[in-house]
Amino acid sequence: MFHSILVPVDGSEGAKKALEVACQLADRADATLHILHVPEELSHETTLVWGIGAIAIEASRQELEDVGRQVVDKAAESARNLGVTKIETVIGQGDPARAIVSEARRRGVEAIVMGSRGLSDLRGLVVGSVSHKVSHVADCSVITVR
């Protein structure tokens with residue numbers, strides 16, 4: 001079983017499903033769940049789940065981080081409701097795939113659980129998805145949830 005699990009969240013449905021899977025794994029093993037959000041400037045306006053709302057294209061870095069804090073707080077609340085007691089949240093910076101792998105290494109997690117598609121789907125079709133990049137370079141197990 002895993003003792004430490006990282007789950008990146010961006011407010012998408014895919015991230016919500018990944019969080020549920022990560023919570024099932026964490027609850028069974030009494031593992032620490034690390035919830036990570038990496039604010040990302042999107043090329044289109046998009047609506048986030050968990051009732052947070054839409055982010056304007058011209059949002060400032062601070063606005064993106066504020067929304068990111070809301071995303072991880074909502075994810076942590078959902079994780080607690082699903083029975084997870086050991087939760088840590090973090091806001092990363094930079095390229096999402098690199099930030100996820102870097103945070104996993106820094107925290108020494110044994111698994112990353114992430115959605116196969118996030119809010120930046122459109123860009124992912126052109127340059128490759130974040131989950132695909134993470135699965136190729138991570139030092140730990142990567143579980144991709146559809």
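Select β6 (111-115) and inspect both of its faces: A111, V113 and G115 on one side, and I112 and M114 on the other, are all buried. Buried here means under 20% relative accessible area, with exposed over 50% and partly exposed in between (1.4 Å probe, protein chains only). Because five of the five residues of β6 are buried, this strand is largely enclosed by the rest of the structure. Strands (E, at least two residues) and helices (H or I, at least four) are DSSP runs, numbered from the N terminus.

The model is predicted: local features need pLDDT of at least 70, side-chain atom pairs count only at pLDDT 80 or more, and totals for chains, interfaces and linings use all residues. Residues are numbered from 1 along each chain as its sequence is written, and side-chain values use heavy atoms, with hydrogens and water left out.

**The sheet around β6**

β6 runs parallel to β7, to which five bridges join it; M114 has T144 as its bridge partner in β7. Towards β1 the run is also parallel, with two bridges, and L6 stands opposite I112. L6 also stands opposite H34 in β2, and β1 and β2 pair in the parallel sense over five bridges.

α1 has 17 residues and reaches 25 Å from first to last C-alpha, close to the 24 Å expected at 1.5 Å a residue; the expected span is 1.5 Å times one less than the number of residues. Its buried residues are G14, A15, A18, L19, A22, C23, L25, A26 and A29. After α1 comes D30, with a positive phi near 55 degrees.

G83 follows α2 and has a positive phi, near 100 degrees.

**The cores**

Display the largest nonpolar core, which has 23 residues; I5, V7, V9, L19, L33 and I35 have the most contacts inside it. Such a core is a set of buried Ala, Val, Leu, Ile, Met, Phe, Trp, Tyr and Cys residues joined through side-chain atoms within 4.5 Å. A second, separate core of 15 residues includes L36, I100, A104 and M114.

**Confidence**

Finally, colour by pLDDT, the predictor's confidence in each residue, from 0 to 100. The chain mean is 85, and 80% of residues reach 70 or more. Among the elements, β1 has the highest mean (98) and helix α4 (residues 121-127) the lowest (45). Over residues 122-127 the pLDDT is below 50. Beyond near neighbours in sequence, this stretch has seven contacts in the model, contact being heavy atoms within 4.5 Å.

Definitions and conventions
Pairing = 2+ DSSP bridges.
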